Amino acid sequence: MTTSTNGKFDRTPLIAGNWKMNMDHVQGITLLQKLAWTLKDAQHDYNRVEAAVFPPFTDLRSVQTLVRGDKLDLEYGAQDLSPKDSGAYTGDISGAFLSKLGCKYVLVGHSERRTVHGETDELLNEKLKAAYRNGLVPVLCVGEGLEIRQSGQHVQHTLEQVRRDLEGLDAEQVSALVIAYEPIWAIGTGEVAGPEDAQEMCAAIRAEIADLYDDAVAAKTRLLYGGSVKAANAASILKQRDVDGVLVGGASLDVAEFANIVRFEQHLVTD
Ligand SMILES: O=C[C@H](O)COP(=O)(O)O
């Protein structure tokens, strides 16, 4: 879904909720059902603004059953995948399994994977390829830590991640890709990058993709901002020209808050 039906946006906005290691499968389907009801009550148009959740692996089968059973328009994805499709890789989860569970998306290179699990750009490049091999749309996360931000090298640092992670991907793959810019210093801290910071980086990433591929590809790739997004700040971030959505952590665990972010267009009018 890359052609927007939404006049203001060139690309269909994506509001993504990363539950991280929260919500067991029972809690997860309760949350998802409430979210679906809340959005239905608000007559949310999923063609205008796409909404997706990223539950823990152990919730995915229950999520699939609920989404299929109740014919929900909500999308879902996993928080990580293995670079391999099968074999002796204890504890890893294959993209093929995620595909079979009906996942549309998969997060790749979330900063918590890069820092806690030491995932390198080389590994993430392999994970991106595994996602495409299995028909999943990757949501590639990039962004700088506080020291790099303070040294003024944040754009250069983030674009280097983009270049390394995308190596060997073709134009069709990158057109379908979602990239989430998540400054590490703004994740779970209450510190939110300003709308101008989000725009600066998303514009730089789009220009980089145009350089690496062409303008047509850059016009299709969706770019999200993530880091302490709440209903109160979502609209001003989403108003930015090159920001096509948000990746929400903590606030995605609160149904009313997340539904309000999905319904950010309501706040654009009064913002
Ligand atoms: O994946 C989501 C990001 O890490 C942002 O998390 P946060 O909204 O809790 O800051």
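Among the elements lining the largest pocket, α4 contributes the most, with three residues. Helices (H or I, at least four residues) and strands (E, at least two) are DSSP runs numbered from the N terminus. The model is predicted: local features need pLDDT of at least 70, side-chain atom pairs count only at pLDDT 80 or more, and totals for chains, interfaces and linings use all residues. Residues are numbered from 1 along each chain as its sequence is written, and side-chain values use heavy atoms, without hydrogens and water.

On a 1 Å grid over the protein atoms alone, a pocket is an open set of points with protein on both sides within 12 Å along at least five of seven lines, a cavity is a set where a 1.4 Å probe fits but cannot get out, and lining residues have an atom within 4 Å of a point. Points are joined across faces, edges and corners, and a volume is the space filled by probe spheres set on them.

| Space | Volume | Lining by class |
|---|---|---|
| Largest pocket | about 360 Å³ | five nonpolar, five polar, four charged |
| Second largest pocket | about 160 Å³ | five nonpolar, nine polar, three charged |
| Largest cavity | about 30 Å³ | two nonpolar, four polar, two charged |

Ala, Val, Leu, Ile, Met, Phe, Trp, Tyr, Cys and Pro count as nonpolar, Asp, Glu, Lys and Arg as charged, and the others, Gly among them, as polar.

Of the 14 residues lining the largest pocket, K20, M21, Q79, R113 and H117 lie nearest its centre.

The structure holds one cavity of 30 Å³ or more. G109, H110, S111, R114, C141, V142, G143 and E182 line the largest cavity. Two or more of these residues come from each of α4 (111–116) and β5 (137–142).
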